[in-house]
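Hi,

Here is the structure I promised to pass on. My notes on what turned up follow below it.

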Amino acid sequence: ARALTPQTAETDAIRFLVGTQSLRYDNQIHIIDFDDENNIINKNVLLHQVGEIWHISTSPADKGVLATCYNKTSDSKVMTCAAVWRMPKELESGSHESPDDSSSNAQTLELLCHLDNTAHGNMACVMWEPMGDGKKIISLADNNILLWDLQESSAKAVLSSSAALEGKGQLKFTSGRWSPHHNCTQIATANDITVRGWDTRSMRQIYCIENAHGQLVRDLDFNPNKQYYLASCGDDCKVKFWDTRNVTEPVKTLEEHSHWVWNVRYNHSHDQLILTGSSDSRVILSNMVSISSEPFGHMVDDDELSDQEDQHQEEKIKEPLQDSVIATYEEHEDSVYAVEWSSADPWLFASLSYDGRLVINRVPRALKYHILL
């Protein structure tokens, strides 16, 4: 397995969706429910019979709707296609069935529509408009950016605009992210070693970070609180943080991994917390305070401090907090292809390695209280 996503529209139950990659069997989407109080994982299985799943993403507005990119073989050619699906009604919200082997009573996904890519090539990923009503999605197919409108209950996807990468050689997008800022009018894409920003209204390029990494860029994510900040990671084992207003140099670089970094994710509530997953089989949680929205810690009201504390506090305030690695998680034995924060609990995250192992972890309690208090 390499596809993992939180159920974005679900803000109460802790749920993740995992897509499998099997050549021999029908592929599946596993709905993983984590019961936080009892530390129990429940799972439901949905059949995804069209092919192995390379990417999965969920609607920000409708718990039951998701999109997958999957491989399809036709005329001995393999194409990566994309489709929008609905899960059965009773599985939309957290269910607490006994975690037995439920593959015998697996249900099937209902196909809402295909994102027709016959003219555009292989689909790399599907991104939902982050703050939207779940009707706008962008897919990246080879060197094309395609903006779709989902119409009448998502049963039809209409291509509303597109843009193509032009240049020498075989240009191909590897990944992209839709920015939650600027009224959701910007996306960032990665192709080869370049990161580009695009305006979704004109479909024109607005910035370009050439040679962002020494090798292929694998993933991107926007800081949820600072509108110009973007993280990228890649095959040069590095994670880099950019200010898109000045793209000549990264603001910060993390070099903790010893192999390709597949994934980088900002915490939605506390943007100093950064998760990365790599083919070195490790997940690393970093504390990037210096470039977060609270580089000096929480602001304290002057009135609350006595004189002595006051002087202490002043000395403390001048110093930004230090960046550090909080924890390295080594529960995986295979390449970690995906890490994701829960949409319901900002202190919980999941990681997925190629051998199908899903691990759920918490931010260390001491750090959690340090951030909150």
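An open sheet is made of four strands in the order 5-6-7-9, and the pairing is antiparallel. (Strands are DSSP runs of E with at least two residues, numbered from the N terminus; two of them pair if DSSP finds at least two bridges between them.) Strand 5 (53-58) and strand 9 (110-115) are the edge strands, each pairing on one side only. From one strand to the next, the twist averages 30°, with axes fitted to C-alpha atoms and angles running from 0 to 180 degrees between N-to-C directions. Strand 7 (residues 77-86) is joined to strand 9 by five bridges, and L111 in strand 9 is the bridge partner of W85.

This is a predicted model: local features need pLDDT of at least 70, side-chain atom pairs count only at pLDDT 80 or more, and totals for chains, interfaces and linings use all residues. Residues are numbered from 1 along each chain as its sequence is written, and side-chain values use heavy atoms, leaving out hydrogens and water.

Now the largest pocket: it holds about 1500 Å³ of space. (A pocket is an open set of points on a 1 Å grid over the protein atoms alone, where a 1.4 Å probe fits, with protein on both sides within 12 Å along at least five of seven lines; lining residues have an atom within 4 Å of a point. Points are joined across faces, edges and corners, and the volume is the space filled by probe spheres set on them.) Of its 48 lining residues, H55, G176, R177, R265 and E340 are the closest to the centre.

Best wishes
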